[in-house]
Amino acid sequence: MNIRPSRRSRNILVDMTPLIDVVFLLLIFFMVSTTFDKQTQLKVDLPQASARAEESKEAESIAITIDAKGNFYLNDQELVTHDVDTLKRALKKAAAGGADIPVTVTSDKQAPFQAVMMVMDAAGQLGLSRLSFLARAAQAEE
């Protein structure tokens with residue numbers, strides 16, 4: 001009877017193949033389930049404040065006001081009809097061929113969005129790229 005422990009050391013081998021398979025499956029799963037969406041962003045150039053006032057450029061700006069009914073006012077004068085063609089003709093006349101003239105748009109909060117889009121479209125078609133929007137502080141109702 002042999003009661004002595006055997007002196008042979010056993011080589012224990014761990015098979016790595018299933019582990020590698022699982023890692024590759026996880027890698028493939030995460031690659032397939034990841035969404036690659038390109039978010040479009042609008043580049044906004046913010047103005048910088050300056051201490052001096054430029055009065056000469058103020059006189060050359062075009063002011064467009066849109067009331068609650070969607071009527072257009074160009075430099076405080078109401079347009080005869082309120083369509084894109086009339087607005088383009090009035091903007092072209094006010095710009096006098098200059099594309100660098102700033103256009104300031106002020107609209108009522110109840111103004112239809114279509115009217116604001118018409119102003120943006122007309123200015124874009126005429127090449128007027130310096131478009132800005134004014135916001136007025138809310139007045140307390142009496």
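This is a predicted model: local features need pLDDT of at least 70, side-chain atom pairs count only at pLDDT 80 or more; totals for chains, interfaces and linings use all residues.
Helix α4, spanning residues 113-125, comprises 13 residues and extends 18 Å from its first C-alpha to its last, close to the 18 Å expected at 1.5 Å a residue. Its buried residues are A115, V116, M118, V119, A122 and A123; seen down the axis of α4, these fall within an arc of 155°, so they line one face of the helix. The face turned away from this buried side carries the exposed residues F113, Q114 and G124. The buried residues of α4 pack against the strands β1 (62-66), β2 (72-74), β4 (103-107) and β5 (131-134), as well as against helix α3 (84-95). After α4 comes G127, which has a positive phi, near 85°.

Helix α3 has 12 residues and reaches 16 Å between its first and last C-alpha, close to the 16 Å expected at 1.5 Å a residue. The residues T86, L87, A90, L91 and A95 of α3 are buried, and because they cover an arc of only 160° around the axis, they lie on the same side of α3. On the other side of this helix, R89, K92 and K93 are exposed. The buried residues of α3 pack against β1, β2 and α4, and α3 is followed by A96, whose phi is positive, near 50°.

On the surface, a nonpolar patch is formed by I12, V14, M16, L19, I20, V23, F24, L27 and M31, which together have about 950 Å² of accessible area.

Methods
Residues are numbered from 1 along each chain as its sequence is written. Side-chain values use heavy atoms; hydrogens and water are left out. Helices (H or I, at least four residues) and strands (E, at least two) are DSSP runs, numbered from the N terminus. The expected span of a helix is 1.5 Å times one less than its number of residues. Buried means under 20% relative accessible area, exposed over 50%, partly exposed in between (1.4 Å probe, protein chains only). The arc is that of the directions from the helix axis to the C-beta atoms. Contact means heavy atoms within 4.5 Å. Patches are made of residues with over 30% relative accessible area and no salt bridge: like charges are joined within 9 Å, nonpolar side chains (Val, Leu, Ile, Met, Phe, Trp, Tyr) within 5 Å. Accessible areas come from the Shrake-Rupley method with a 1.4 Å probe; for residues, only the protein chains shown count as cover. A salt bridge is a side-chain nitrogen of Lys or Arg within 4 Å of a carboxyl oxygen of Asp or Glu.
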